[in-house]
Amino acid sequence: MILPSLKIKKKNRRGSRSLAGTVGIFLFLALLGAFMVLPLLYAVISSLKPIDELYAYPPRFFVRRPTTENIEMLFSLAANLWVPFSRYVFNSVFVSGVATVGHIILASMCAFVFSKFNIRINWMFKLVVTALLFNGVVLSLPQYVIMAKLGLLNTYWGYILPVLPMSLGLFLMKQFMDQLPSALIESAGIDGASYFRIFTTIVMPTVKPAWMTLLVFAFQNVWNSNPGGIVFDEQLKLLQSAISEIVAAGIARVGVSMAGSLFIMIPPIIIFVVSQNSVIETMAHSGLKD
Amino acid sequence: MNKSKLFKMSYERRQGLVGYVFLIPWMIGTLIFFCYPFFHTVWMSFCDVSFDAGSIITHFKGIDAYTEVFLKQQFLQQASTHLGTTLLHTVCVLIISIFLAIILNQEFFGRSFWRVIFSLPIIVASGLVLSVFQKDLTFQASVTSESTNIFQNEALTEMLLSMGIGDKIIEVVVTAVSSVVDILWMSGVQILLFITGLQSISPSLYEVCDVEGATAWQRFWRVTFPLLTPYIFLNIIYSIIDISTQSTAEVMYTMRYYYNNTFYANASAAATGYFLMILVVLGVISLALSKRIVYIDK
């Protein structure tokens, strides 16, 4: 039954837009998209510029004599670090991976309760939203003290644990789970599924677009953060801090820093493409007959 | 004994218990990493703060820090100005992100490519990448770079300059473009959330529209818009929080100034006061909107 109806829909959609409309959309997106791409383009071009062009006045947008010396310098500097560069990459990937997955799991479990359970602590959710309002900079001092007391300084946990209860994820997941029909959960409950089973086999698959989107935000958040002062051991430092050290070490390293920032953008972009490709049409209502 | 008691409990009781089990990990985390620091910060705002061997020593002092920050200095004015800007930007961000999300949700050639393009702000405008850009621009020193969009304009200006276009035309183009670009650069997350929202609308509703012969206009206002209201609400709250706590805002700059210069009481007072201001704004907005949200379920 589903297949033929989808076919009709697609046919109608395609038929309803003229060629001019498609071209119009394309032009419009290209116009706005140009401003999105410009900084990235600027970074790419700057990383290809030789030093005299980087410091030329008046500055030029395009490169005259492209060179790979910035990128080579980045890699040779990275190879000469006291701690092997791969160690930083591993640290960053490990910390971001564990923190992101943990955050999504904890946030979803909690959001499930706030959204679908009829218990008396739903006011706590408001507390969570208000947590988002508070300026993180000011909190860092007492946070540091409590981490010192818990012995989290100088460990991976110092990076990971504070990220797990980020409010943003809970907030997003709860808003998405509110859309989920309660009847779906009730019917599974009547059929004898445990809450854990309902959570893993019904709720999570249905809100997949939500956590796929959260994956992007959370990964991005952890990957780009460079919490200072939590870890002193060079072995445990993150890629961000390694690259900023490389960049800060020399004055004439604008090109290198551009190359470094491009390098650091690669994983979030990969995560983004993978996650958004899997956000396909979901049938949040497919389990129900109205 | 205990086990049999568990089975005798009512459905609601059991549900509640399981709920707590699901909540506990999160709650512990929030208590340790948010609640404690939060109340500590509020407490610090009423105190004289000093340090001794890795611990914070506080002596209660009263509301001195608040009168200092809010009455004697310009913080209140900065804060309210920024809240005004926040509301204005939120409205613009919402309009532009709904618009773009609807376009990006349609089927056309290269859709996933454009989605990546319009989500670039999420990836570019944070962390090291941003600081590298800003560092580069402060070096290039034409404008003091304070916000995400400046490097935008900078790049645009440079591009136009290198194309050999006159100064005056550049100025007009840049101001017109910069406000749109400004908004676009704040909309990355919102566009993504709206796309996810649009995906969750059941296609059968649109089939009904096609069968009944609804125009695209009717389809938007009668189906898409009402079903998007939860996401609009989500995005309003997200945008207000995001924009009001933008690290490039003057208010945030002042707070960081207090903090970095060890005026911890002042920093805490400023943060608490600003927090309360945003809270009031959000409270009013969510009260006004909460009854207009359409849930399929309820």
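Reader: Hi! Before I dig in, what makes a residue buried, exposed or partly exposed here?

Author: A residue is buried if 20 or more other C-beta atoms lie within 10 Å of its own, exposed if 12 or fewer, and partly exposed in between, with C-beta atoms placed from the backbone. Tyr231(B), for instance, has 26 C-beta neighbours inside 10 Å, so Tyr231(B) counts as buried.

Reader: Nice. What kind of model is this, and how are things labelled?

Author: This is a predicted model, where local features need pLDDT of at least 70 and side-chain atom pairs count only at pLDDT 80 or more, while totals for chains, interfaces and linings use all residues. Residues are numbered from 1 along each chain as its sequence is written, and chains are lettered from A and ligands numbered from 1 in the order in which they are written.

Reader: Back to Tyr231(B): where is it found, and what does it touch?

Author: Tyr231(B) is in helix α11 of chain B, residues 216-244. Helices (H or I, at least four residues) and strands (E, at least two) are DSSP runs, numbered from the N terminus. Not counting residues up to four places away in sequence, Tyr231(B) touches Leu193(B), Phe194(B) and Gly197(B). Contact here means that two C-beta atoms, placed from the backbone, lie within 7 Å. Leu193(B) is 38 residues from Tyr231(B) in sequence, and their C-alpha atoms are 7.2 Å apart in space.

Reader: And how far apart are Leu76(B) and Trp114(B)?

Author: They are also a pair 38 residues apart along the chain, but their C-alpha atoms are separated by 41 Å. Leu76(B) sits in helix α4 of chain B. With 16 C-beta neighbours inside 10 Å, Leu76(B) counts as partly exposed.

Reader: What does α4(B) meet in α13(B)?

Author: From α4(B), Phe75(B), Ala79(B) and Leu83(B) meet Ala270(B), Tyr274(B), Met277(B) and Val281(B) of α13(B). By class, this contact has seven nonpolar, no polar and no charged residues. For those classes, Ala, Val, Leu, Ile, Met, Phe, Trp, Tyr, Cys and Pro count as nonpolar, Asp, Glu, Lys and Arg as charged, and the others, Gly among them, as polar.

Reader: How many helices and strands are there in chain B, and in chain A?

Author: Chain B has 13 helices and two strands, whereas chain A has 14 helices and zero strands. One strand of chain B is β1, residues 47-52, which holds Ser50(B). Ser50(B) is exposed, with 11 other C-beta atoms within 10 Å. Ser50(B) and Ala265(B) are 215 residues apart in sequence, yet 9.8 Å apart in space, C-alpha to C-alpha.

Reader: How much of each chain is buried?

Author: In chain A, 42% of the 290 residues are buried. In chain B, 36% of the 298 residues count as buried.

Reader: What about contacts between residues 24 or more positions apart?

Author: Among contacts with a separation of 6 or more, such residues account for 79% in chain A and for 67% in chain B.

Reader: Let's switch to α9(A). Why is it largely enclosed?

Author: Helix α9 of chain A, residues 167-177, is largely enclosed by the rest of the structure because eleven of its eleven residues are buried. Among them are Leu168(A), Phe171(A), Met173(A) and Lys174(A).

Reader: Which residues touch the most other members of the largest nonpolar core?

Author: Cys110(A), Met173(A), Leu214(A) and Leu215(A) do, in a core of 109 residues. Helix α5 of chain A, residues 85-116, gives the most to this core, with twelve residues. At least three residues come from each of domain 1 (20-67) and domain 2 (80-278) of chain A, with domain bounds from an automatic or database domain assignment. A nonpolar core is a set of buried Ala, Val, Leu, Ile, Met, Phe, Trp, Tyr and Cys residues joined through C-beta atoms within 7 Å.

Reader: What is Leu215(A) in contact with?

Author: Leaving aside neighbours within four places in sequence, Leu215(A) is in contact with Thr100(A), Ile104(A), Ile271(A) and Ser275(A).
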